[in-house]
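The exercises below are meant to be worked with the sequence and the model side by side. Please try each task before reading the solution that follows it.

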Amino acid sequence: MTDKAKAQGIERESQSGESAAEQLRQSGVNQPYNLRLGPITLRAEADINTSFNDNINLAKTGGISDILITPSAVIHARWNVTDLNSLNLNIGIGYQMYLLHSQYNSLLLSPDSEAQFNFFVGDVAINLHDSFSYQEDPTQVGQLSNTVRLSRWQNDAGIGATWDLNDIVLSLDYDHANLWVTQSVYDYLTNQSDTIAPKITVKINRTIDTGISASFSDVRYEQNFQNDYTTFSLGPFVTAKISDNLSVNGQGGGYFSNYSKGGLNGDSENISSYYASGGVNHRINAAFSESLTAGREFLPGLTSNFTERIYANYTDAWQATSFIYVAASLWWENLNDSEASFRETSNRYGCGLNVNDSLTEHATVSLGYQYILKDADPSVLSYDQNLVTAGFRYQF
């Protein structure tokens, strides 16, 4: 959240310009595919998921249940223009059908949908990218309650440059992002932003990287309910591979924002604080692995200038057999709005369990369960939700 610079398909580990170019070339050679059209390779997969949701409207009382059927398809395409220049396109399209409340049926565009063009200028790796999505799931926005959906288009286009100087890597990213909310009740959230994110990475040794990252953003809303604002963050980070089975990472620093005045949300609070996050990945043995992440960040507010979010997530995975894979998760987040005319504080708790069974090399069936509990003030924004899903995936 505080460091918007992303790898965007180019490996960021420290290496010489020549070895970086070789790694990019090898990534194209090793890209899996099942159809070749001249220089273009294609890979496709199809899914169908059926789920039962006992509270699609996220209500404290009067929850609405429904059965959802969601077929989808994903296409991965890659064109190796030269050994060092590649064009990548990933598109995931689905359609969500409500059997009892068809007025909520909708087309979906996966958040993983993106186009990228990677090339080199001397020893500098350049990445042009555009990611896009259309989503409606309201549970992805912790501040939401008492609604079936938040219909939103998102697009993030930008350019990134990485200059590898052996033990030091310099990178700079620029992104222009648009959020279009198509529901009239929430269209005041429609905005656009520009972000510049420089980063310096220092390779201490073969297993430890550290450095400093910064980010500057300017956010502008289409309507005058929310206040426009600028943010700036700066701080160190570190990643370390302790052993073949254990790795850790952490980052933190100052976070500052300045909001304009006059928005109808009645909020005049700015941010002069800190962000922090960290994680541990642990491979217990050949069959078990686990990870833990936690942190503090600031999110755009729903009816306020911002929402402070403190979170913790734990996941573990078990490769029960060569065909059966089991994953479980526990998470918690605390959400605290800034001083708007209408604000909320809440705690959300969640757990999940997923079982995947590989029937063949190409076909996989899955069964999953997810539970979310939100305890909010005011209490009318509280809810709990059970979701059971069965799915089938075929990779061509």
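Helices (H or I, at least four residues) and strands (E, at least two) are DSSP runs, numbered from the N terminus. The model is predicted, so that local features need pLDDT of at least 70 and side-chain atom pairs count only at pLDDT 80 or more, while totals for chains, interfaces and linings use all residues. Residues are numbered from 1 along each chain as its sequence is written, and side-chain values use heavy atoms, with hydrogens and water left out.

**Exercise 1. Confidence and overall form**

Task: State how many helices and strands the protein chain has, and find where pLDDT stays under 50.

Solution. Begin with the secondary structure, which comes to one helix and 20 strands in the protein chain. Next, take pLDDT, the predictor's confidence in each residue on a scale from 0 to 100: the chain averages 92, and 92% of the residues score at least 70. The stretch in which pLDDT stays under 50 is residues 1-22, for which the model has 59 contacts beyond four places in sequence, a contact meaning heavy atoms within 4.5 Å. Where pLDDT is low, the predicted coordinates should not be read in detail.

Then turn to the dimensions: the C-alpha trace spans about 60 × 50 × 40 Å along its principal axes. The radius of gyration is taken over C-alpha atoms, and the globule rule is 2.2 Å times the number of residues to the power 0.38. Because a compact globule of 396 residues would have a radius of gyration near 21 Å, the 22 Å of the protein chain agrees with that form.

**Exercise 2. Strand pairing**

Task: Trace the pairing of E8 with E9 and of E9 with E10, and then that of E14 with E15 and of E15 with E16.

Solution. Two strands pair if DSSP finds at least two bridges between them. Strand E8 (residues 152-165) runs antiparallel to strand E9 (residues 168-181), and 14 bridges join them; glutamine 154 has leucine 179 in E9 as its bridge partner. These two strands form a hairpin with two residues between them, and asparagine 166 in the turn has a positive phi of about 65 degrees. On to E10 (residues 191-203), which is antiparallel to E9 and joined to it by twelve bridges, with alanine 177 partnered by serine 193 in E10.

Strand E14 (residues 271-283) is antiparallel to strand E15 (residues 288-300), with eight bridges, and asparagine 281 stands opposite serine 291 in E15; the hairpin of E14 and E15 has four residues between the strands. E15 in turn pairs in the antiparallel sense with strand E16 (residues 306-319) over 13 bridges, glycine 295 having tyrosine 311 in E16 as its bridge partner, and here five residues lie between the strands of the hairpin.

**Exercise 3. E2, E19 and E20**

Solution. First, strand E2 (residues 40-53) and strand E20 (residues 383-395) pair in the antiparallel sense over nine bridges, and glutamate 45 has glutamine 395 in E20 as its bridge partner. Second, E19 is joined to E20 by twelve antiparallel bridges, with alanine 363 opposite tyrosine 394 in E20, and a hairpin of five residues connects E19 to E20.

Third, look for the salt bridge, defined as a side-chain nitrogen of Lys or Arg within 4 Å of a carboxyl oxygen of Asp or Glu. Glutamate 45 forms one with arginine 393, the closest N and O atoms being 3.6 Å apart. This pair links distant parts of the chain, since glutamate 45 is in E2 and arginine 393 is in E20, 348 residues apart. The whole structure has eleven salt bridges.
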